[in-house]
Amino acid sequence: GAMSSGGTLSILRSDSYVELSQYRDQHFRGTRYDQERLLRKSCTLYVGNLSFYTTEEQIHELFGKSGDIKKVIMGLDKVKKTACGFCFVEYYARGDAENAMRYINGTRLDDRIIRTDWDAGFKEGRQYGRGRSGGQVRDEYRQDYDAGRGGYGKTVQ
Amino acid sequence: MSRRRHSDDSDGQPHKRRRTSEPSEIEERLESLICRVGEKSNSSLESNLEGLAGVLEADLPNYKSKILRILCTVARLLPEKLTVYTTLVGLLNARNYNFGGEFVEAMIRQLKECLKVNMYNEAVHLVRFLSDLVNCHVIAAPSMVAMFENFVSVTQEEDVPQVRCDWYMFAFLSSLPWVGKELYEKKDAEMDRLLSQTESYLKRRQKIHVPMLQVWTADKPHPQEEYLDCLWSQIQKLKKDRWQERHILRPYLAFDSVLCEALQHNLPPFTPPPHTEDSVYPMPRVIFRMFDYTDDPEGPVMPGSHSVERFVIEENLHCIIKSHWKERKTCAAQLLSYPGNNKIPLNYHIVEVIFAELFQLPSPPHIEVMYTTLLIELCKLQPGSLPQVLAQATEMLYMRLDTMNTTCVDRFINWFSHHLSNFQFRWSWEDWSDCLTQDLEKPKPKFVREVLEKCMRLSYHQRIIDIVPASFSVLSPANPVCIYKYGDESNRSLPGYTVALCLTIAIKNKASNDEIFSILKDVPNPNQDDDDGEGFTFNPLKIEVFVQTLLHLAAKSFSHSFSALAKFHEVFKTLAESDEGKLHVLRVVYEVWKNHPQMIAVLVDKMIRTQIVDCAAVANWIFSSELAHDFTRFYIWEILHSTIRKMNKHVLKIHKELEETKARLARQHKRRDSDDDDDDDDRSTDREDGPLEEQIERLQEKVESAQSEQKNLFLVIFQRFIMLLTEHLVRCETGGIDVFTPWYKSCIERLQQIFLQHHQIIQQYMVTLENLLFTAELDHHILAVFQQFCALQA
């Protein structure tokens with residue numbers, strides 16, 4: 001029969017930056033399957049490795065380059081209620097979030113390579129770090145000195 | 001004798017898993033073999049092709065249709081590897097004549113289908129593939145010439161858009177680098193005739209649209225040529241060089257002895273499908289050039305602008321980006337491994353092609369941020385050479401800012417600031433000190449100011465002060481702090497000052513909307529005399545006091561401001577109920593946040609989305625005299641285009657809802673029709689339809705109202721542009737001064753930008769625009785923009 005003009009090739013379908021990572025939120029209420037289903041249609045990104053000093057405005061400017069942002073939620077230290085180096089960026093359209101994964105993930109903000117990952121959706125409480133000291137878990141145990149993330153890790157301090 | 005436990009049919013239990021996965025596994029394997037031929041192999045491409053031809057020939061009896069499909073798709077979607085696959089088809093044809101014939105037929109079917117559904121870019125690839133098959137002895141040259149004769153004769157059609165004839169001409173001309181030599185050798189008289197017909201078409205076609213698509217208005221150092229003119233010059237030069245073309249890699253040359261033994265097929269006579277109302281042809285283009293051989297004096301010579309090599313290189317690089325735009329690392333690697341690396345200054349070609357796309361008018365083929373990240377990946381892969389080329393390019397673009405189209409300058413600003421933010425903002429700013437002595441409205445200082453503002457948005461104010469030399473402070477952005485007019489004791493004589501204090505305390509004490517209303521009741525109305533007697537009055541002072549105070553209290557961050565808008569939404573809606581109210585709210589927002597354009601933009605966005613203001617109010621505000629001072633600033637146009645986009649998305653969303661509801665109703669009917677053929681109870685069926693039909697009616701009204709609002713928005717914008725530009729033109733004429741000030745250039749190009757950026761929507765309004773706004777009485781400067789726009793799809 002006639003060739004379908006819509007057909008494509010698998011090598012051209014490759015979209016690795018948009019794929020799910022291995023990370024799954026352990027606090028997610030629901031099955032793995034539920035979580036993955038939500039991740040695959042999510043418009044929300046988790047953004048990590050931010051400096052504690054990076055502002056909502058900077059995040060808005062950078063992530064606005066892939067589309068209209070619905071909301072930015074800054075990650076906070078559970079105790080101090082100050083920025084602790086991560087945030088959520090929610091877009092109106094999935095396609096805009098995908099472009100952020102393709103073109104903003106792995107580039108710099110405030111001179112730091114930031115990392116984005118799919119998030120199943122913001123729920124109250126998820127804006128707080130889960131480390132014992134109130135910040136993120138990764139800042140509890142790291143050994144290096146990072147001026148943008150409070151200096152040494154908490155256990156070192 | 002062992003009993004075979006996994007037999008197929010004999011035990012009546014087909015093993016589904018093996019059955020259903022096998023065909024697609026084979027298809028995947030075949031696709032992979034074909035798509036990756038020659039990759040990661042120690043043997044030569046030629047021996048890989050020979051091997052693959054053998055494998056496919058053996059697979060033909062069982063998998064012919066799959067192989068046909070894959071090869072057709074590859075021809076359509078991997079044009080950068082055109083000659084690899086024409087060689088493969090050539091080898092297969094030599095081994096199996098019938099297969100060759102079937103492939104050609106399948107290609108023709110695919111070509112017809114592409115043309116039917118307006119896939120013209122892919123159709124060009126198919127035509128080129130067919131023409132290269134002549135070189136592989138699959139298609140007989142005379143039949144290819146005959147097809148091209150039919151293409152060129154489209155230029156004789158009457159009452160068809162020029163863009164239709166353009167496409168057929170382009171499909172013919174752009175195949176000649178591959179097959180010109182062979183066709184000329186076999187059919188020189190016919191080819192001469194075709195070329196002379198081409199020449200006369202190109203001479204008579206209109207080029208009114210060209211200025212609108214040029215990145216620079218100047219012709220030096222490189223003319224910005226219309227794409228068909230450039231291609232024609234390249235083909236003429238190729239002909240003069242007796243069709244000798246040395247850049248294209250032709251694997252089939254190694255197989256000449258095998259291929260020339262093959263029997264050729266004749267292309268069936270091809271009639272170009274007629275023009276229909278639904279036909280949408282590609283828009284004309286202007287060829288972007290920024291480099292020539294003088295820019296890399298130590299490297300290999302860059303092919304000239306009218307050489308066919310230049311055309312082929314650029315086509316292939318564009319195709320690579322098109323194939324791999326989603327995978328930035330692969331894209332960068334593929335670009336850098338383009339063959340001929342040591343014979344051409346590849347880095348220069350790559351940078352030029354990327355900027356060509358970034359600056360393309362009306363719009364880049366891909367999202368702007370992709371190009372920034374792609375360039376960063378390229379810098380990572382070639383750290384010793386590419387950053388220097390990029391710096392050189394940046395310098396050249398800066399030097400030519402005076403004649404660069406405003407829309408392209410926007411993109412340059414966005415790219416450069418984002419790029420710098422990935423490299424600690426390191427740049428030799430002193431090299432650009434020349435701009436400090438110029439009027440701040442001139443393109444160069446303006447560019448630097450906007451870049452620094454964008455850099456600040458990606459970092460913070462003090463950082464920018466630190467990275468530029470002290471002499472650049474005049475171009476540094478303002479500290480983005482809020483201006484609260486009731487802030488100081490010294491302002492206590494201002495009307496509304498005490499109410500502002502009251503409000504501040506109330507809001508800090510978590511007052512409700514009602515409490516706010518009662519506080520505001522005491523605010524006098526300076527417009528008391530203009531009371532329209534209907535009881536409702538627009539009270540600018542109320543708006544001023546409320547909005548100033550609230551925004552000041554919420555100034556800490558975007559989130560604080562958004563919460564404030566949400567919490568006091570009721571107050572906002574009431575104060576901004578009238579058109580004047582909306583306008584005044586916007587004015588006050590500006591007064592408070594004029595040092596922080598980014599904040600203004602996000603507040604306007606939020607206010608539109610929560611319907612505190614509407615799109616028309618924003619448009620009127622942008623053209624208001626209060627904003628005249630900021631009229632040429634980048635952020636203003638970002639706000640306007642964002643507003644238009646929101647309007648467009650809104651219309652699309654409701655339209656989609658309507659279509660979905662209609663589809664639901666149709667499904668419901670279908671279900672009912674198939675369910676109860678014997679049930680004649682009409683009353684029950686009406687009852688079922690009722691709510692859906694009501695919904696459809698409501699949505700229909702909503703769509704019409706949204707479309708009307710959308711049209712009105714564009715009319716308002718065009719009207720205001722015309723007023724503003726006419727004023728300027730009249731003033732210049734009566735004063736005897738030159739029309740072409742920096743402001744004028746910016747303004748007229750902003751008008752062009754509206755047309756270009758939203759051309760699909762605006763096409764719907766052509767009649768209204770022609771009869772109502774862009775009439776013959778208009779100044780010819782303004783009318784020219786409209787005429788150029790009309791010429792784009794004419």
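Some ground rules. This is a predicted model, in which local features need pLDDT of at least 70, side-chain atom pairs count only at pLDDT 80 or more, and totals for chains, interfaces and linings use all residues. Residues are numbered from 1 along each chain as its sequence is written, chains are lettered from A and ligands numbered from 1 in the order in which they are written, and side-chain values use heavy atoms, leaving out hydrogens and water.

I start with chain A. Its average pLDDT, the predictor's confidence in each residue from 0 to 100, is 94, and 96% of the residues score at least 70. Residues 1-5 of chain A stay under 50, and the model gives them 16 contacts beyond four places in sequence; contact means heavy atoms within 4.5 Å. Where pLDDT is low, the predicted coordinates should not be read in detail.

Chain A has five helices and six strands. These are DSSP runs, numbered from the N terminus: helices are H or I with at least four residues, strands are E with at least two. Read from the N terminus, the order is α-α-β-α-β-β-α-β-β-β-α. Along the principal axes, the C-alpha atoms of chain A fill a box of roughly 70 × 35 × 30 Å. Of its 157 residues, 54% count as buried. Among chain A contacts between residues at least 6 apart in sequence, 62% join residues at least 24 apart.

Ser557(B) sits in the loop between helix H23 (540-553) and helix H24 (558-567) of chain B. Is Ser557(B) buried or exposed? Its relative accessible area is 10%, so Ser557(B) is buried. Beyond four places in sequence, Ser557(B) touches Glu56(A), Glu57(A) and Met599(B). With Glu56(A) there is a polar contact, side chain to side chain, at 3.5 Å. A polar contact is a pair of N or O atoms within 3.5 Å; within protein, one must be able to donate a hydrogen and the other to accept it, and residues adjacent in sequence count only if both atoms are side-chain atoms.

Next, the rings. Over all chains there are 53 aromatic pairs. Rings of Phe, Tyr and Trp (its six-membered ring) pair if their centres lie within 6.5 Å; planes under 30 degrees apart are stacked, over 60 edge-to-face, and the rest tilted. Tyr120(B) and Trp167(B) are edge-to-face, because their planes stand at 65 degrees, with centres 5.3 Å apart. That pair joins helix H5 (residues 120-135) to helix H7 (residues 162-173) of chain B, across 47 residues. Trp415(B) is buried at 2% relative accessibility. Both belong to a cluster linked by ring pairs, whose members include Trp216(B), Phe288(B) and Phe447(B).

Last, Val481(B). This residue lies in the loop between helix H20 (461-467) and helix H21 (497-508) of chain B. Val481(B) is partly exposed, at 43% relative accessibility. Apart from neighbours within four places in sequence, its contacts are Val592(B), Trp593(B) and Asn595(B).

Technical notes: Buried means under 20% relative accessible area, exposed over 50%, partly exposed in between (1.4 Å probe, protein chains only).
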